[in-house]
Amino acid sequence: DAFDLEGIEILRGPQGILFGRNTTGGAVSLRSRRPTGEFKAATEVTIGNYGRRDFAGSIEGPIVDGKILARVAVLRRERDGYFKDRNGGSFIAAPFNPSGAQPVTAAGDIGNIDNWVVRPSIVIRPTETLDINLLGEYVRMKGNGNPSKVVPGFEGPLRDRFGYTPPSGKFETNQNSTGLTDVEAERLVIETNLDIGVGKITSVTGLRHVDFGFAFEDGAPFVNFELAPGNRIESSQVSQELRFASDFSERINLVIGGYADWHTLDVQERRLLSSLVGAPNATTYIVTNRQGNYRQKAESYAVFANIDYHLTDALIVTAGGRYTYDKKRIRIAPINVCTGPGFTGCPSTFSSLEKDWDNFSPKLAARYEFGAGVMAYGSWTKGFRSGQFNGRATSTA
């Protein structure tokens, strides 16, 4: 939420030299607001239809004047779902619903929001040359699943096979279930800056954990393709960057540094899949339970450097480069049929695979400043993105 942001930068083109791997098309840099040392408080309240109730509030001030500064922001959002499941539509006898009866399915609002975000921050300045910034975040997002609706004009297969014509209301649907969303995330960033006279040394340590449970479906009261309750993603990540920045002389600005990242991803995916998926002319209607599990570990290490050289007061040329080494390992039991009942007897044979990549990404650029507010620039740069194991595959091949 922009309520708690100090600044936003939008950078066009590959930014892999200073911003790392995968920034092949640009970067959006968001900077969290930090305490200023003054006592301040702010609130923002929004009330709207569909039960919308938003609140954002912050308070900050010095704990030890000039030495320890603190701030906390709280964001709260609630809203009912726009979509209504009233078990609507009409039903007639059809091959896969001979009685023409309406199935008993869940009902209610779909797409609701129930979010909490708490962001504490502390700045410690033990000396004039050292500052330590601690930025925390706790997120809890709950609600039902995504609203799914059969697009008018594409209901033919449902009508022919199940005798079902969906409700016509723009925000009315009839789903087999209302689904769920449950996200819990924690983040801690420790940024330390030390001025050593000839330049500044900066350390940025990041820790992030996300636990995500979800279920959603295809928007019909009969099962065709659904992600069932029990879908879960857990992500744990630690990163460390250390860099040195210096106005080396009147003509040279220099940044050099190193980066490391360790990431573990645990995923369990559960699907309900009918015999009609991929076989629209099937003569039988059977629903199978399918499950897959994997753990993927990724490591990334990099060193980088960037130099700005002032040829004249108006003309500046830039040269930079980044060397990256990535390694990924996966342990996977591919998605396949569970012998049942329910999600029992699911695939349990795991395979292990690994692969690594390395890359050097260069950058050359020049800019000329004609005067106040007028500048021309050009750059040549490359970006890098490592490969990825497909954890949702149905076979190790």
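Trainee: What lies over the face of tyrosine 82?
Mentor: Arginine 79 does, at 4.2 Å from the ring centre. A charge sits over a ring if NZ of Lys or CZ of Arg is within 6 Å of the ring centre and within 35 degrees of the ring normal.

Trainee: And what sits over the ring of phenylalanine 350?
Mentor: The charged end of arginine 331, at 4.1 Å from the centre of that ring.

Trainee: What kind of model is this, and how are residues numbered?
Mentor: The model is predicted: local features need pLDDT of at least 70, side-chain atom pairs count only at pLDDT 80 or more, and totals for chains, interfaces and linings use all residues. Numbering starts from 1 along each chain as its sequence is written, and side-chain values use heavy atoms, with hydrogens and water left out.

Trainee: How many helices and strands does the protein chain have?
Mentor: Two helices and 20 strands. These are DSSP runs numbered from the N terminus, with at least four residues of H or I for a helix and at least two of E for a strand.

Trainee: What is the radius of gyration of the protein chain?
Mentor: The protein chain has 27 Å, whereas a compact globule of 397 residues would have a value near 21 Å. The radius is taken over C-alpha atoms, and the globule rule is 2.2 Å times the number of residues to the power 0.38. Along the principal axes, the C-alpha atoms fill a box of roughly 85 × 50 × 45 Å.

Trainee: What share of the residues counts as buried?
Mentor: 38% of the 397 residues. Buried means under 20% relative accessible area, exposed means over 50%, and partly exposed is in between, using a 1.4 Å probe and protein chains only.

Trainee: Switching to strands. How do β17 and β18 pair?
Mentor: β17 (residues 287-310) and β18 (residues 315-337) are antiparallel, over 20 bridges. Two strands pair if DSSP finds at least two bridges between them. Tyrosine 294 has isoleucine 332 in β18 as its bridge partner. Four residues separate β17 and β18, which form a hairpin.

Trainee: What does β18 do with β19?
Mentor: The two run antiparallel, with 18 bridges joining β18 to β19 (residues 351-371). Isoleucine 316 is opposite arginine 367 in β19.

Trainee: And how many bridges are there between β19 and β20?
Mentor: Eight, again in an antiparallel pairing, with β20 spanning residues 374-381. Lysine 363 has threonine 381 in β20 as its bridge partner. β19 and β20 form a hairpin with two residues between them, and glycine 373 in the turn has a positive phi of about 80°.

Trainee: Back to β18. Which residues does lysine 327 touch?
Mentor: Lysine 327, which lies in strand β18, touches Lys297, Ala298, Glu299, Glu354, Lys355 and Asp356, leaving aside residues up to four places away in sequence. Contact means heavy atoms within 4.5 Å. Lysine 327 counts as partly exposed because its relative accessibility is 22%.

Trainee: What is the strand order in the open sheet of three?
Mentor: The order is β8-β6-β12, with mixed pairing. β8 (108-110) and β12 (172-173) are at the edges with a single partner strand each, so one side of each has no neighbour in the sheet. β6 (residues 83-85) pairs with β8 in the antiparallel sense over three bridges, and lysine 84 has aspartate 109 as its bridge partner there.

Trainee: How many aromatic pairs turn up in the whole structure?
Mentor: 13. Rings of Phe, Tyr and Trp (its six-membered ring) pair if their centres lie within 6.5 Å; planes under 30 degrees apart count as stacked, over 60 as edge-to-face and the rest as tilted. One of the pairs is phenylalanine 91 with phenylalanine 222: the centres are 6.1 Å apart and the planes at 65°, so the pair is edge-to-face.

Trainee: Where in the chain are phenylalanine 91 and phenylalanine 222?
Mentor: Phenylalanine 91 is in strand β7 (residues 90-91) and phenylalanine 222 is in the loop between β14 (200-216) and β15 (225-246), 131 residues apart. Phenylalanine 91 is buried at 14% relative accessibility, and phenylalanine 222 is buried at 9%.

Trainee: How are the rings of phenylalanine 96 and phenylalanine 162 arranged?
Mentor: Their centres are 5.9 Å apart and their planes at 55°, so that pair is tilted. Phenylalanine 96 is in the loop between β7 and β8, and phenylalanine 162 is in helix α2 (residues 156-162), 66 residues away. Phenylalanine 96 is buried at 18%, as is phenylalanine 162 at 1%.

Trainee: Which residues do ring pairs link into a cluster?
Mentor: Phe91, Phe96, Phe162, Tyr164, Phe222 and Tyr285.
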